[in-house]
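Thanks for coming. I will take a few minutes to walk you through one structure, starting with the whole chain and ending with charged pairs.

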Amino acid sequence: MSQRLGDLLVKEKLITIEQLDQAVKAQKDSGGKDRLGSVLVKLGFVSDEDVTNFLSRQYGVPAINLQYFEIDPAVVKLIPQETARRYQILPLSRVGSALTIAMVDPTNVFAMDDIKFMTGFNIEPVVASETAIMDAIDKAYSVEKEEANLENIMASMSDDVDVELQEESAEATLAELEKGADEAPIVKLVNLVLTDAVKRGASDIHIEPFEKEYRVRFRVDGVLQTVMTPPIKLKDPITSRIKIMSKLDISEKRLPQDGRIMMKMVLNGKKKQLDYRVSCLPTLWGEKIVLRLLDKENLRLDMTKLGFEPESLEKFQRAIIKPFGMCLVTGPTGSGKTNTLYSAISNINKPDINIMTAEDPVEFQLAGINQVQMKEAIGLNFAAALRSFLRQDPNVILVGEIRDFETAEIAIKAALTGHLVLSTLHTNGAPETVSRLMNMGIEPFLVATAVHLILAQRLVRRVCSNCGEVEDIPEKTLIEAGFTPEEAKSVKPMKGKGCEKCNGSGNKGRAGLYEVMEMDDELRELILVGASAIELKKKAIDNGMITLRRSGLRKVMDGAVNLEEVVRETINT
């Protein structure tokens, strides 16, 4: 079209023959990279507008000034940047089955056929100058620059990791969201966030949208730390990608959703199977996603390695081998209750014992144990599962959590009728659990008879073994914390000063603090007469119970944990 365009412009007296010859020579000198119209504009013989208006009149195609046209980003995604640059075209808008594209050469039928085949839409061309189109392409496809930035962010986070999603088969409702979620940089970024969490030893991943910021944080050793801030426009693609991986509805943005991602990854030459529990919650600026990392390798099933004091462990082991009764594990979310219960049932898991669990959710799959996932939406709750369990000839029943009177009542009755029942409650300490059960409506004589042992626990950060050093703490402070005057003179509390190994925090890994209250006749009598939690605690301590604070102080004396951590997590008695 170039030469024809030149002749037509001469015929219209917009340029002279000499100017045309000069432009053709300049075009040849540049290797023919630039179109003749663009060369004429650069030489100042015509303006962009002159060429565009002329082509519009000549071919009966509308002209457009791209400077004042707002391009739909969703439509831009229909045509790859390489194709747009090769044909010097730009998709502008879509109405029904018609796609409007701006073209430098509206006679290029090959380009139009290619775009029609690629998108499946009928093509409606409009004409614009080469300079305007190339500038608009740079602007419209600026996401490429963000992808380059993403590569840099990802490179700084971690090395390449082979990732394979297990059983990924979900159909998205919104095609555009699905397409954005499947773009290579998004897939790579999400995989990298998931695998980097494993490398850093994170227990949770928080992906949070705000008005002007998009933030990714990891919870490492119980403390949240920011690891990256992706561009805010990647919010929807990242959310959609995680929803697709966890088989959630990507079109539902108004209601909370829960799902699960199962992945296989190769890390340092070793194959790992990972499990993530996914929770999506609509917030003011978008959906916040929290992923709980369930790594089987971090599950300690050997009870002797959980951090129990010897006398406390002996009491717990004695309680879980009884043929009936109830053992309760209490503590806040993230205090290791599930790990303790799994360790207990793994310890007693034998071919001649029928163990059944009701969990919400099932965090780890254990061989030889019948695990049931709760589904509130269809009426399968803890109470319903417990009723059914009693018809399944169980020896041991694990109830994920006692939340209401109905569940508590059935669990207590099961414990009294020849079953060992293990469960959890959310209370601050072991003695307070008795009051909690009675507040739910359980009679004191049932609590006193059924409950054999209550274990309260916390997790505190360990002092980094690489940078730990003796901390100078006044004796008065040590005594106030709970040490005896004799202990305060000899104890050498440790504190990490911060190093590369612990990311400057001074702490690496976590240790458990345990308070084990074993029911004896004296405690049962106090429960029957309605004694308070304070009275129960005093009697339990007199009978040899190690409190959470004392458990922590013992670990301070061993140099395992920092005194500040223990004081923060426990209440002095």
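What follows is a tour of this model, from overall figures to single residues.

First, the ground rules. This is a predicted model, where local features need pLDDT of at least 70 and side-chain atom pairs count only at pLDDT 80 or more, while totals for chains, interfaces and linings use all residues. Residues are numbered from 1 along each chain as its sequence is written, and side-chain values use heavy atoms, with hydrogens and water left out.

Now the overall figures. The protein chain contains 24 helices and 19 strands. Helices (H or I, at least four residues) and strands (E, at least two) are DSSP runs, numbered from the N terminus. Of the 573 residues in the protein chain, 48% are buried. Buried means under 20% relative accessible area, exposed means over 50%, and partly exposed lies in between, with a 1.4 Å probe and protein chains only. The accessible surface of the protein chain is about 28,200 Å², and carbon and sulfur atoms hold 50% of that. Those areas come from the Shrake-Rupley method with a 1.4 Å probe; for residues, only the protein chains shown count as cover. As for contacts (heavy atoms within 4.5 Å), take those in the protein chain with a separation of 6 or more: 64% of them are between residues 24 or more positions apart.

Next, the interior. In soluble globular proteins, nonpolar side chains tend to be buried together. A nonpolar core here is a set of buried Ala, Val, Leu, Ile, Met, Phe, Trp, Tyr and Cys residues joined through side-chain atoms within 4.5 Å. The largest one has 55 residues, and Met-326 and Met-517 have the most contacts inside it. Helix α16, residues 405-416, supplies the largest share of this core, 6 residues. A second, separate core has 32 residues, among them Met-228, Met-245, Met-263 and Met-265.

What does Met-517 contact, leaving aside its neighbours within four places in sequence? The list is Ala-430, Pro-431, Val-434, His-452, Leu-453, Ile-454, Leu-523, Ala-540 and Met-545.

Let me turn to one helix. Helix α13 covers residues 310-320, and its buried residues are Ser-312, Leu-313, Lys-315, Phe-316, Ala-319 and Ile-320. They lie on the same side of α13, because they cover an arc of only 160° around the axis. That arc is taken over the directions from the helix axis to the C-beta atoms. The cover over the buried residues of α13 includes the strands β11 (325-330), β15 (420-425), β16 (451-463) and β19 (507-518), along with helix α14 (337-347).

Now the outside. Phe-210, Leu-284 and Trp-285 form a nonpolar patch on the surface, with about 330 Å² of accessible area together. Patches are made of residues with over 30% relative accessible area and no salt bridge; like charges are joined within 9 Å, and nonpolar side chains (Val, Leu, Ile, Met, Phe, Trp, Tyr) within 5 Å. Leu-284 sits in the loop between β9 (270-283) and β10 (286-294). With a relative accessibility of 74%, Leu-284 counts as exposed.

Last, the charged pairs. Side chains of opposite charge can pair when their charged atoms come close. A salt bridge is a side-chain nitrogen of Lys or Arg within 4 Å of a carboxyl oxygen of Asp or Glu. The whole structure has 28 of them.

One joins Arg-85 and Asp-138, whose closest N and O atoms are 2.5 Å apart. This pair links distant parts of the chain, with Arg-85 in helix α6 (residues 81-87) and Asp-138 in helix α8 (residues 130-140), 53 residues apart. Arg-85 is partly exposed at 31% relative accessibility, and Asp-138 is partly exposed at 38%.

Another pairs Glu-565 with Arg-568, at 3.0 Å between the closest N and O atoms. These two are 3 residues apart in helix α24, so about one helical turn separates them. Is Glu-565 buried or exposed? Glu-565 is buried, at 4% relative accessible area, whereas Arg-568 is partly exposed at 48%. Elsewhere, salt bridges that share partners join Glu-208, Arg-215, Arg-217 and Lys-288 into one network.

Helix α24, residues 563-569, also holds Val-566. Val-566 counts as buried, at 0% relative accessibility. Not counting residues up to four places away in sequence, Val-566 touches Arg-549, Gly-552, Leu-553, Val-556 and Val-561.

That is the tour.
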